[in-house]
Structures are given as C-alpha cells and as structure tokens.
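I opened a notebook page for this structure and wrote down what I looked up. The entries follow in the order I made them.

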Amino acid sequence: MRTVKGLCKNYDGRAVLDEVDFAFKDGQVYCLMGASGHGKTTFLQILSGLLQPDAGELQGFPSSGVGMVFQEDRLCEALNPVENLQIIGCRNSEVLLREILPADCLGQPVGELSGGMRRRVAVARAIAAESETLLMDEPFTGLDEETKLRVIRFIREHRQGRLLIAATHQAEDAELLGGEILRLD
Amino acid sequence: MRNKQIKKILILVFWLLVWEGAARLADNSIVFVGPLQVALALCKLLPTAAFWQSVGLSLLKIGSGFLGGFFLGVILGGLAYRYGLLEDFAAPLISLMKSVPVASFVILALIFMGSKYLAVIVVFTIVIPLIYLNTLAGFRAVDRQLLEMAQVFHIRGWKRIRYIYQPSLYPYLVSASRTAVGMSWKSGVAAEVIGVSAASIGEKLYLSKVYLETADLFAWTLVIIVLSFLCEKCFLLLLRTLGGKVVRR
C-alpha cells in the first residue's frame, strides 16, 4: 500500500492541491479525474519526484524512478522510436514498439512523426522503464478512437502488475483501463 | 541547382574582371596587382619547399592554438554551467580577454614569451572566450522538459550529455567555431607578422612588404583565405561526425 497524506501545493498563493489524501494498492490501476487546473499534472509530478509538495507526505513510493508519460511527449527529436527506448536501457524496444507503431516508422527520427505516433512512443517508453510505478498524464491525447483502444490494450498487456496512475478527462478511459476512479476536485 | 552554380561562377568572373581592370588602370605593380599577377606569383610559390614549410608551420601553430582553446573553452563552459562560482570567477577574465585589442595582446605576449609560440598563445587566447561563452549559452538553452525526462528515467552521465545536452550545445558550437576559425587565422597571422616568426606565413607576408613584392603579398593573402576556409570546413565536418545522429539538422 502506498499513501499520500495531506498533500498541498500552491502556485503564486493559489492552492492547486489542498490536503489531498489517497491510498494506492500495489498492482492496481487508478484513473485520476478532474477538470483542467485541478492539479492532476502537479499531483503526478509530485509522485514522480519532479516537484516537492509544500506540505504532506508520500509513503511507499520508491525512489528508484517511475515509468512516466508526460503531458508533453518529451522525446529526443533526432532519435528514432527504437533509440528513444534504448537510451532508457530497454533491450527489446523494437519488439515492443512494433505492437503499436507501423514498422516503417521505427527508423524515422521522432521529430518527423505525427503527434499520435509520438504519443505512442512516449507510452511505450514509460512501459519499457524498469520501475514499480507507472504514471501517465493524459496518455491518449492526440490518438483516434481505434488507436486509443490499441494503446490501452498495449498498456494492459505490458503493465506486468505494476501500479498505474493515469490522469484522464474521460471516464470511459478509466473503464477501458480497468481502473478505479479518483477525483481531484 | 546547376543554374545557381553558373550564377555564382559568373559573379566570381565579374569581380575578377573588375579587379584585373582596376590593376591595369592603376598600372603600378608595387601598389596594386591584378589576379593574373597573383596567380603567377602563386604558381612560383607553390612548387617551393619553403612555401609548404611555411604553410605547415603556421597551420600547426594556429591549429594547435585553436584546438587547445576550443577544448579548454568547452570544458570551462561545462564546468561554469555546473558550478556557478566558477562562472563568477571567470567572468572578469573572460571580459578582459574579449576586450583587449589583439595588437596589444600580441605585443604583450611578445615581450613576455618571445616569438616562437606567439601565434599559439594569441590564437588560444582569442578562441577561449568565444567557445566558453557559447558553450555556456548552449548548456543554458537545454530543454528543461528533457532534463526532467532524463531525471525521471535515470538517464545519467555520458548518455545525458550525448542525448540531452549535445543537441542543444551543437548549434552554438558550430556557430562559435565558424567565427573562431576565421578569427584564429586573422589573429595568428597578425601575431606572426608582428613577431616575425621564422619560416611562418606571417614572416612571408612581412618580407613581401619589406621587398615591395605586392604580388607575393596578395598570393599569401589568398593562401590564408583558402587555409581558413578549408580549416573551417574540416572542423565542422569533424563536429558533425562527433555529433552523430543525436543532432537534428
């Protein structure tokens, strides 16, 4: 069990997170929902260790890194999808990527790929990370319905029992991911 | 593409004709010579051992000064980015190196160190601040979001330098190197002229002036321009090779 207690975060005097308490069971899927500006991204960044909370504590979150899909893709533009996974130490990147990307774009620099393809590389990178936790911030942005379902299937198949916390706008995504909904309102 | 090349050649021919015309109008080979006389002078110089000895020696001195300045500039720039205190300490020195006129520095260096390694020292001093400041700017321009990504995915050490910092650093280093190579040849040859360094290009320029061999003076100037151009191309090719595919072009 991993817990978040009394988490607070302010930006310029405005409370983005105010006394947030959650408990996460290992191996479960959680979908974080809430309107824009309600702190979903901030919450995930605190869990990832990128941001420090103003108050509150995290318990049970490993310091060994997480697999993360950022709100932006944050890929190395000049490298191809396979290399983007290889630099985080993934050995079977090509096999993994073939499941969600056409084979002919695996050798192209990601800077030349479409937004949807780049998003899939970002998801595959998070999945490929050696981590106990997966954090995904709007992982289906820019994906059409069919591709979204394919990516959801990909995540479910490769999650390998890791805790997944995904921020999303749509309750349907939570249902498809098979996760419990947590509200940040 | 072909039309562009023809246009370039025609423009070059036009200016050569203007130059030749001006030389014929001046009609004084001590003051001004045309491209034909320069070509003749160059043809006389090229087969001589002394020519290649001078080219080799100046290339060695200016090249080693440049490479030394380049690597030290990159290392210092990287360290200054990492340790702010070092940047603060280096700031007055870098400002001084940037603002002292080359001629003053050459004369000071000549007094303190003699003429043997004058070109090396002068070029080294000219290149360091240029490369240092651009390295620092390149490091500062690195994408913060990619740095956070590297932190989350534990991309560290050499991998972080190569895949996160290098793409940001590369355009700064290319631009700085272009300027630095040109500045190296200008300042290096000026140092050789002032110090009258034995068997160097600078010495040959000086002697051309003393003996009023204007055609030789022009020929050596042309040699310096070609050497500077070739050095720039070779060094940029080296940077591109080292940069590999991590840099978007």
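Predicted model: local features only at pLDDT ≥ 70, side-chain atom pairs only at ≥ 80, totals over all residues.

Entry 1. I looked up Val122(B) and left aside its neighbours within four places in sequence. The contacts I found for Val122(B) are Gly65(B), Phe105(B), Val106(B), Ala109(B), Ser187(B), Gly188(B) and Ala191(B).

Entry 2. I then went to the largest nonpolar core, which has 110 residues. Val122(B) is among the members that touch the most other members, along with Ala124(A), Ala126(A), Ile165(A), Val123(B) and Val127(B). Which helix gives this core its largest share? I found that helix α6 of chain B, residues 118-140, supplies 14 residues.

Entry 3. Next I checked Gly73(B), which lies in helix α3 (residues 49-82) of chain B. Is Gly73(B) buried or exposed? I counted it as buried, because 25 other C-beta atoms lie within 10 Å and the cut-off for buried is 20 or more. Leaving aside neighbours within four places in sequence, Gly73(B) is in contact with Val127(B), Ile128(B), Ile131(B), Tyr132(B) and Thr135(B). I also looked up Thr241(B), 168 residues from Gly73(B) along the chain, and the two C-alpha atoms are separated by 20 Å.

Entry 4. I turned to the contact between chains A and B. Chain A gives 17 residues to it and chain B gives 16 residues.

Entry 5. I looked up the domains of chain B and found domain 1 (1-32) and domain 2 (33-246). The C-alpha centres of these two domains of chain B lie 30 Å apart. Their contact takes 9 residues from domain 1 and 8 residues from domain 2. The domain 1 side has 6 nonpolar, 1 polar and 2 charged residues.

Entry 6. The axes of helix α2 (residues 35-45) and helix α10 (residues 214-243) come within 8 Å and cross at roughly 75°. I therefore wrote down α2(B) as roughly perpendicular to α10(B). From α2(B) the contact includes Gln37(B), Val38(B) and Leu40(B), and from α10(B) it includes Ala215(B), Asp216(B) and Phe218(B). The residues of this contact divide into 9 nonpolar, 1 polar and 1 charged.

How values were computed:
Residues numbered from 1 in each chain as written. Chains lettered and ligands numbered in written order. Contact = placed C-beta atoms within 7 Å. Core = buried A, V, L, I, M, F, W, Y, C linked by C-beta atoms within 7 Å. Buried ≥ 20, exposed ≤ 12 C-beta atoms within 10 Å, placed from the backbone. Helix = DSSP H or I, 4+ residues; strand = E, 2+ residues; numbered from the N terminus. Domains from an automatic or database assignment. Nonpolar A, V, L, I, M, F, W, Y, C, P; charged D, E, K, R; others polar. Axes fitted to C-alpha atoms, helices over the stretch in contact; angles between N-to-C directions. Parallel < 35°, antiparallel > 145°, perpendicular 65-115°, else oblique.
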